[in-house]
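Please look over the sequence and the structure below before reading on.

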Amino acid sequence: MRPAQLMKVFVTRRIPPEGRALLAGAADCEVEQWDSDEPIPRKELERGVAGAHGLLCLLTEQVDRTLLDAAGANLKVISTMSVGVDHLALDEIKKRGIRVGYTPDVLTDATAELAVSLLLTTCRRLPEAIAEVKNGGWTAWKPLWMCGYGLTQSTVGIIGLGRIGQAIARRLKPFGVQRFLYSGRQPRPQEAAEFQAEFVPTSYLAAESDFIVVSCSLTPATKGLCNKDFFQRMKNTAVLVNISRGDVVNQDDLYQALASGQIAAAGLDVTTPEPLPTNHPLLTLKNCVILPHIGSATHGTRNTMSLLAANNLLAGLRGEPMPSELKL
């Protein structure tokens, strides 16, 4: 029988070594981990969380009312190894008095780097160019062959000028961007001053931008924000990049916009669903670059995320301030 003073912790995935080591060394906890890189089946998740005092999860696990019921009254802390929390039923969690930890800030730089990489990859048509080298399409030099769009003297629109949005703008500025626009819930003049960015309605941003980067949170207000109406306002030379959440973009409308030439190209690091089925229409388009949600995928960032998630969990279980607690 487990000694009464030990607190049960359930971890829904094999996490990077620094976080794993911290949890393993917690003398006041009994840790059970789903020992796989693949998502835990729902039945195993409900079994594992039963009676747990703490849950460390990833964004792939839906922590809803059913799972909270399966956990029972012992559950006091949920720590998610993500900055996004749209997989958590926050109203229900708050009602039950459960504390929530998350991992903001630590993935900002890695995600911003990925956003810029994806933007450049998409606008300069790198996957198409690489394919042409491999399939023999590279022949004589041609003036207009493989031409894309450059950042110099361009207008960049950022939907969501939060930490990641600012980090993206900071990295794009040296490319010679002429003008930054941003949209969101409210103006952020202090943060925008660094880039002389203008706060504008989303419809104006769509119409004026040469490049649009979606870096907002997924909320009821932003779900399906980039839809048919949005794409119709965009220039036919414009490029869209989404590194936020797949549901911010209506993918059926995006397909039509790309296939018809209404917009030039799109780069997605997030989709709905994830993973995207290999027969999805977007994957048939040369002007759509899709990555498997790797925004934070550097060794250093993932280790730091796991360490912060573990520290959040342990602090919450011990009744101490969390390094990064989501205020409910």
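How many salt bridges does a search of the whole structure find? The search finds 23 salt bridges. The model is predicted. As a general point, side chains of opposite charge can pair when their charged atoms come close.

**A pair between helix α2 and a loop**

- Arg-42 and Asp-64 form a salt bridge, and their closest N and O atoms are 2.6 Å apart.
- This pair links distant parts of the chain, since Arg-42 belongs to helix α2 (residues 42-49) and Asp-64 to the loop between β3 (54-57) and α3 (65-71), 22 residues apart.
- Arg-42 has a relative accessibility of 30%, so it counts as partly exposed.
- Asp-64 also counts as partly exposed, because its relative accessibility is 29%.

**A pair inside helix α2**

- A salt bridge joins the side chains of Glu-44 and Arg-47, with 3.1 Å from N to O.
- Glu-44 has a relative accessible area of 29% and is partly exposed.
- Arg-47, at 43% relative accessibility, counts as partly exposed.

**A pair between two loops**

- The side chains of Asp-86 and Arg-245 meet in a salt bridge at 3.1 Å, N to O.
- Asp-86 sits in the loop between β4 (77-80) and α4 (90-95), and Arg-245 in the loop between β10 (239-242) and α11 (251-259), so the pair ties together parts that are 159 residues apart in sequence.
- Is Arg-245 buried or exposed? Arg-245 counts as buried because its relative accessibility is 15%, which is under the 20% limit.

**A network**

- Salt bridges also link Asp-69, Glu-92, Lys-95 and Arg-96 in a network.

**The second largest pocket**

- Rolling a probe the size of a water molecule over the atoms shows where empty space is left.
- The second largest pocket has a volume of about 170 Å³.
- Residues that line this pocket include Pro-127, Glu-128, Met-146, Lys-286 and Val-289.
- Which element gives the largest share of the lining? The largest share, 5 residues, comes from α6.
- Helix α6 (126-135) and strand β12 (288-290) each supply at least two lining residues.
- By type, the lining residues of this pocket divide into 6 nonpolar, 1 polar and 3 charged.

Note on methods. Residues numbered from 1 in each chain as written. Predicted model: local features only at pLDDT ≥ 70, side-chain atom pairs only at ≥ 80, totals over all residues. Heavy atoms only, no water. Salt bridge = Lys/Arg side-chain N within 4 Å of Asp/Glu carboxyl O. Helix = DSSP H or I, 4+ residues; strand = E, 2+ residues; numbered from the N terminus. Buried < 20%, exposed > 50% of the residue type's maximum accessible area, 1.4 Å probe, protein only. 1 Å grid on protein atoms, 1.4 Å probe; cavity = no way out; pocket = protein on both sides within 12 Å on 5 of 7 lines; lining within 4 Å. Points joined across faces, edges and corners; volume = space filled by probe spheres on them. Nonpolar A, V, L, I, M, F, W, Y, C, P; charged D, E, K, R; others polar.
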